[in-house]
Amino acid sequence: MDILLAILLGGLFGFVLQRVGAADPDKIVGMLKLTDLHLMKAILAGIGIASSLLFAGLMLGLVDAGHLDIKTMHWGVILGGLILGAGWALGGFCPGTGLVALGSGRKDALFFILGGLAGAGIFTSMYGGLDEAGWFEKLFGGDASLVFTGNSTPVLSGSWTGLLAIGIGIVMIVLARMLPDKLR
Amino acid sequence: MYWSWLKSGFALGLCFLLAVILVKPIGVSTQFVILDGMIASVFNRNLVFKDEASESGYASSNAYLNKSGGKYAKSVANPLNYSFLFVLAMLLGGIIGGIVHRRKTKHPIRQTPEFHQRRFMNAAVLRYVLAFVGGIVVLWGARMAGGCTSGNMMSGIMQTAVSGYFFAAATFIVAIPVAIFIYRK
């Protein structure tokens, strides 16, 4: 069952990433240069729609909270994000979209994936030292979320916070609608 | 050529929502480590091994594969797991997406991106070099952060994860000026 779901959900996600333009480095770099905000609008709307429906489902008891998984907050999140941002702008791919781009027939994506395997390998060999240096020490209680998800350390508490999460999702959809097609 | 931003948003939202309702949040970059581990275990048979004392039942001589009770070691030893197959299936989805793309546009997929052509002319080899270096940097950063654009940014912010907000802010603060500077022409 898990294997079937992996193929269906992964296949759908890969297909969607290609059809929204996320596997096209021109669309990625266009977003980052602020000259083509198509993907920014799509990403904002996507997160907003998923998030508001997810928290509505959690409040109504339709979604099993045990499936949610909050990633640990540590200093590495910030350093890693800064570094990933540089590579994202340089290459025009992120891990998932690079893989999908390779599937769609892009040769440059093959080089990105090979580089990615090298980068992941370098990190894997450096992890012990980075861990000892304290980069992965938990901040905000570790598995921190703004709103309680069932198994996270919430920043805010109270039964109204589920509505706040739905509200944030709706704001993101509105922002996606308001963003112009380009800023430069 | 591509779907409208609204149709794209609905489709992306559906993917992330279905995944978290049915199984767990979408994530990609961990699987680069798992594939590295599979390749490395061909040359080093003792990289991952069964260990009853560990939470997952597997352990590794490498600190990263051994962390969190050896859960990465277990995935390396068992390639037919959900997360790894999910990422392999994304490649398949990309193949189908590419076929649809070519049928709709009647053009082959543009191999050298426009931003690269404008800045560096038709230097295909340089494009491959930049994509390769980009791959190294992106995956190192993604593993440092514990997730990439899918896992940390989209799945994270969807769940209001504090790590998701910090990751997204850090990523765009660097990516926007770097893209504007490198590909300024």
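**Close-up views of a predicted model**

**View 1. The largest pocket and its centre.** The largest pocket holds about 1,000 Å³ of space. A total of 36 residues line this pocket. Closest to its centre are D69(A), K71(A), T30(B), K71(B) and Y72(B). The structure shown here is a predicted model.

**View 2. What the lining of the largest pocket is made of.** Five helices of chain B each supply at least two lining residues: helix 2 (30-43), helix 3 (63-77), helix 4 (82-105), helix 6 (124-145) and helix 7 (149-158). Helix 3 of chain B gives the largest share, six residues. Sorted by class, the lining has 15 polar, 14 nonpolar and seven charged residues.

View 3. S60(B) belongs to strand 2 of chain B, residues 58-60. Is S60(B) buried or exposed? S60(B) has a relative accessible area of 7%. Buried means under 20%, so S60(B) counts as buried. A polar atom of the S60(B) side chain lies 2.9 Å from the backbone nitrogen of N62(B). Leaving aside residues up to four places away in sequence, S60(B) touches L47(B), V48(B), F49(B), L65(B), N66(B) and A73(B).

**View 4. F16(B) and its contacts in chains A and B.** F16(B) sits in helix 1 of chain B, which runs over residues 5-22. With a relative accessible area of 2%, F16(B) is buried. Which residues does F16(B) touch, not counting those up to four places away in sequence? In chain A, F16(B) touches F13(A) and A50(A). In chain B, the contacts of F16(B) are I26(B), S150(B), M154(B), S155(B) and M158(B). G27(B) is eleven residues from F16(B) in sequence. In space, F16(B) and G27(B) are 9.8 Å apart, C-alpha to C-alpha.

How values were computed
Residues numbered from 1 in each chain as written. Chains lettered and ligands numbered in written order. Predicted model: local features only at pLDDT ≥ 70, side-chain atom pairs only at ≥ 80, totals over all residues. Heavy atoms only, no water. 1 Å grid on protein atoms, 1.4 Å probe; cavity = no way out; pocket = protein on both sides within 12 Å on 5 of 7 lines; lining within 4 Å. Points joined across faces, edges and corners; volume = space filled by probe spheres on them. Helix = DSSP H or I, 4+ residues; strand = E, 2+ residues; numbered from the N terminus. Nonpolar A, V, L, I, M, F, W, Y, C, P; charged D, E, K, R; others polar. Buried < 20%, exposed > 50% of the residue type's maximum accessible area, 1.4 Å probe, protein only. Polar contact = N/O pair within 3.5 Å; in protein donor to acceptor, adjacent residues only side chain to side chain. Contact = heavy atoms within 4.5 Å.
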